[in-house]
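I opened my notebook to look at one structure, part by part. Here is the structure I worked from.

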There are 2 protein chains.
Amino acid sequence: MPVNRPVTIKDIARRFNCSPSTVSRALNDHQAINEDTRKNIQEYAREVGYQKNEVSLSLLNKKTATLGVVVPSIGHYYETAVIEGLHAVLQPMGYTLNICVTNENYLLEKEYLSKLLSNRIEGIFLSVAQETYDGGYYEHLEQVTHRQTPLIFIDREYEAFETSRATVDDYHGAYAAVEHLIQMGYRRIAHLKGPNGLTVTEQRFKGYLDCLAKYEIPISEEYIINTNFKVESSIVPTKRLLDLTVPPDAIFGANDQVAIGAMRVAKDRGLSIPQDIGLVGFDNSPITAYTFPSLTTVSRPGRKIGMEASRLFLNQLNASDDFVPENIVLPAELIIRESSLRLR
Amino acid sequence: MPVNRPVTIKDIARRFNCSPSTVSRALNDHQAINEDTRKNIQEYAREVGYQKNEVSLSLLNKKTATLGVVVPSIGHYYETAVIEGLHAVLQPMGYTLNICVTNENYLLEKEYLSKLLSNRIEGIFLSVAQETYDGGYYEHLEQVTHRQTPLIFIDREYEAFETSRATVDDYHGAYAAVEHLIQMGYRRIAHLKGPNGLTVTEQRFKGYLDCLAKYEIPISEEYIINTNFKVESSIVPTKRLLDLTVPPDAIFGANDQVAIGAMRVAKDRGLSIPQDIGLVGFDNSPITAYTFPSLTTVSRPGRKIGMEASRLFLNQLNASDDFVPENIVLPAELIIRESSLRLR
DNA sequence: CTGTTTTTTTCAAACGTTTGCATTGAATAT
DNA sequence: ATATTCAATGCAAACGTTTGAAAAAAACAG
């Protein structure tokens with residue numbers, strides 16, 4: 001096919017019998033260029049649709065104005081909120097975000113990081129894939145820090161790796177959720193856990209455990225079941241919970257999806273919510289306000305996390321030699337709705 | 001800060017007292033390079049973490065192996081499914097996707113397109129922003145086609161603009177949904193429309209109208225209300241519908257979110273679904289199978305759309321002079337669930 | 001008309017890599 | 001010893017742009 005070669009500065013120079021430098025300066029409003037020359041060149045450039053080749057500029061300036069955002073998925077409300085936050089701060093500063101979705105795949109994560117570095121991006125925001133976690137297996141990150149490319153963790157992280165991070169206080173969010181259930185009179189509180197190995201999963205789990213301990217409620221192994229954060233994955237576990245000889249009177253879901261799945265199962269069994277069983281989710285995704293009953297949940301400030309992460313990035317960029325990574329933890333907020341508001 | 005300048009081929013050449021060409025050839029396993037030289041260079045390169053500068057290569061080869069994906073939002077299930085589909089085909093071929101979210105903002109869409117072209121991406125997948133539509137206002141796309149950069153529309157489109165497109169048959173999907181409601185005995189069917197001006201909105205609306213006409217059911221203006229596709233935006237409209245002297249006995253929502261909002265309002269009023277009122281959504285997002293009652297909906301094959309769009313792109317890339325844009329329309333499938341399955 | 005200043009333009013190098021062609025050095029054939 | 005072949009490496013240009021320094025052209029003063 002006859003690819004319309006993009007018009008270059010040289011093409012324009014040829015047209016005006018002048019040197020590329022003159023064209024470049026004319027287009028950039030350099031003062032040492034004759035007014036007429038400038039006008040003519042600019043006009044012609046507009047006419048033929050000249051567009052600066054950013055690739056060559058990137059090579060010259062060693063700046064790409066591009067940042068990598070590496071996340072496991074973009075399907076959930078929270079994740080898109082984070083990206084929104086990053087965008088809100090960085091887009092106006094001229095940065096382009098290169099969003100890479102790893103699908104929780106370690107190899108893909110590794111490949112993306114390499115590729116981003118090869119493309120000389122200027123910073124990376126990373127929420128690690130599920131598969132990565134076990135055993136602090138993070139050598140693929142060494143290349144990033146070796147390059148002195150700013151690396152910011154978002155939410156999911158390698159705890160041992162030294163870099164800036166912006167996370168939500170999942171622990172206290174979970175604690176508050178469980179405490180609320182206890183205050184509502186629930187005592188047999190089950191937990192639909194997230195996938196093992198993720199910081200978020202473990203923090204929420206820990207909040208659950210510690211709160212029960214604090215209120216001297218015995219912890220039952222049977223009441224703790226894993227999910228993969230998707231709706232479907234909570235159906236069987238919830239059924240199993242409700243089939244127990246002593247079924248729970250409340251379920252704390254590791255995210256909204258699994259709580260909604262549990263809600264469905266409970267309703268199928270004819271249980272009334274919150275009278276027979278209390279439910280709490282996590283994330284405060286938009287639908288939770290409109291389920292029937294509406295779902296009590298823990299709100300994670302995704303947009304804010306994105307904005308804070310941006311700030312961390314900028315800090316590191318302008319930092320001096322003795323830069324020490326920063327650690328931002330934003331609070332999660334309990335949103336009390338109908339699914340747990342039991343009248344006694 | 002002392003930025004660790006990435007090691008270049010020249011650095012390696014200096015280290016071995018040889019020319020950059022030799023290093024380049026050694027790293028690329030060129031046959032005309034002495035076995036020992038090759039080994040030494042490769043080993044050293046690995047040691048110091050050499051990583052090819054793709055920017056310079058892009059400049060040299062005029063190939064960036066990067067594609068732009070410009071979408072209004074990434075919050076909904078369908079959109080992420082499409083991206084998943086694009087990814088599934090293009091990632092293995094070595095393409096990087098540069099995902100740009102316009103937030104339905106025309107100016108941002110325009111800016112992104114310019115930026116992508118400046119960055120010499122090799123193709124663009126575009127789902128146009130809401131604001132863009134009125135009046136076939138698409139001059140910002142001319143620059144793309146002028147560059148002969150393949151441009152593929154996804155779902156939302158400028159109908160008059162000539163380029164390849166992959167869309168879902170919203171019309172027949174909507175038609176099937178309404179027909180199903182009619183077959184279930186509903187007669188006063190309302191429609192919670194999407195935002196005006198979008199092809200998807202209009203096609204679903206048309207399906208609704210045509211089906212009613214076909215079954216000789218009178219169309220009532222009062223039964224048609226706009227939403228913005230978000231849950232919240234369906235609350236007031238649904239209330240208004242139910243407050244009518246002759247309220248509808250079924251509601252066809254332009255997407256799942258608004259249908260779920262309507263479900264909530266109906267339940268608040270003590271209406272039983274599907275006995276008192278039937279509900280149908282659109283998109284088949286994962287939660288719809290687990291609401292109570294589960295939501296009848298129309299499934300859009302997002303992943304397939306992404307894959308088809310990739311195919312269209314590849315076709316155009318390998319096309320000859322007389323390339324004519326292709327137009328793929330995939331069927332939407334009615335998924336019948338509890339919210340409309342009325343026992344007569 | 002020469003010398004000086006000022007304005008405008010060009011030169012050349014740089015960014016990192018690849019690649020056709022030329023060159024070098026050695027080995028082999030004559 | 002000279003010619004021929006072959007393997008291994010170097011040279012130089014190219015991609016598109018910017019930029020400091022040099023050069024050219026124009027304007028002005030004496």
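My entries follow, topic by topic.

**Ground rules**

I am working with a predicted model, where local features need pLDDT of at least 70, side-chain atom pairs count only at pLDDT 80 or more, and totals for chains, interfaces and linings use all residues. Residues are numbered from 1 along each chain as its sequence is written, chains are lettered from A and ligands numbered from 1 in the order in which they are written, and side-chain values use heavy atoms, with hydrogens and water left out.

**Entry 1: domains of chain A**

I looked up the domain assignment of chain A. Domain 1 covers 9-52, domain 2 covers 65-168 + 302-331, and domain 3 covers 170-300 + 334-340. Such bounds come from an automatic or database domain assignment. I then checked domain 1 and domain 3 of chain A: their centres, taken over C-alpha atoms, are 65 Å apart.

**Entry 2: where chain A meets chain B**

How many residues does each chain bring to the contact? Chain A gives 66 residues and chain B gives 66 residues. Contact here means heavy atoms within 4.5 Å.

Next I looked up the buried area, which is the accessible area (1.4 Å probe) that two parts lose on being put together, summed over both. For chain A and chain B it is about 5,700 Å², with 53% on carbon and sulfur atoms. On the chain A side, A:Gln51, A:Arg264 and A:Tyr290 lose the most area to chain B, together 13% of what that side buries.

A:Arg264 came up again in the salt bridges. The rule asks for a side-chain nitrogen of Lys or Arg within 4 Å of a carboxyl oxygen of Asp or Glu. It finds 2 salt bridges across the interface of chain A and chain B. One of them joins A:Arg264 and B:Glu338, with the closest N and O atoms 2.7 Å apart.

I also looked up polar contacts. These are pairs of N or O atoms within 3.5 Å; within protein, one must be able to donate a hydrogen and the other to accept it, and residues adjacent in sequence count only if both atoms are side-chain atoms. Across this interface 24 residue pairs are in polar contact, both residues being at pLDDT 80 or more.

Which element gives the most to the side of chain A that touches chain B? That is α6(A), with 7 residues. Helices (H or I, at least four residues) and strands (E, at least two) are DSSP runs, numbered from the N terminus. By class, this side of chain A has 27 nonpolar, 24 polar and 15 charged residues. Ala, Val, Leu, Ile, Met, Phe, Trp, Tyr, Cys and Pro count as nonpolar, Asp, Glu, Lys and Arg as charged, and the others, Gly among them, as polar.

**Entry 3: DNA strand D**

I found 25 residues around DNA strand D, and A:Tyr50 and B:Thr22 are among the closest. A residue counts as near if one of its heavy atoms lies within 4 Å.

The side chain of B:Ser21 has one 2.9 Å from a base nitrogen.

I noted a cis peptide bond between B:Ile273 and B:Pro274, with omega about 10°. B:Pro274 lies in the loop between α11 (256-268) and β9 (278-280) of chain B. Another cis peptide bond joins B:Phe292 and B:Pro293, with omega about 0°.
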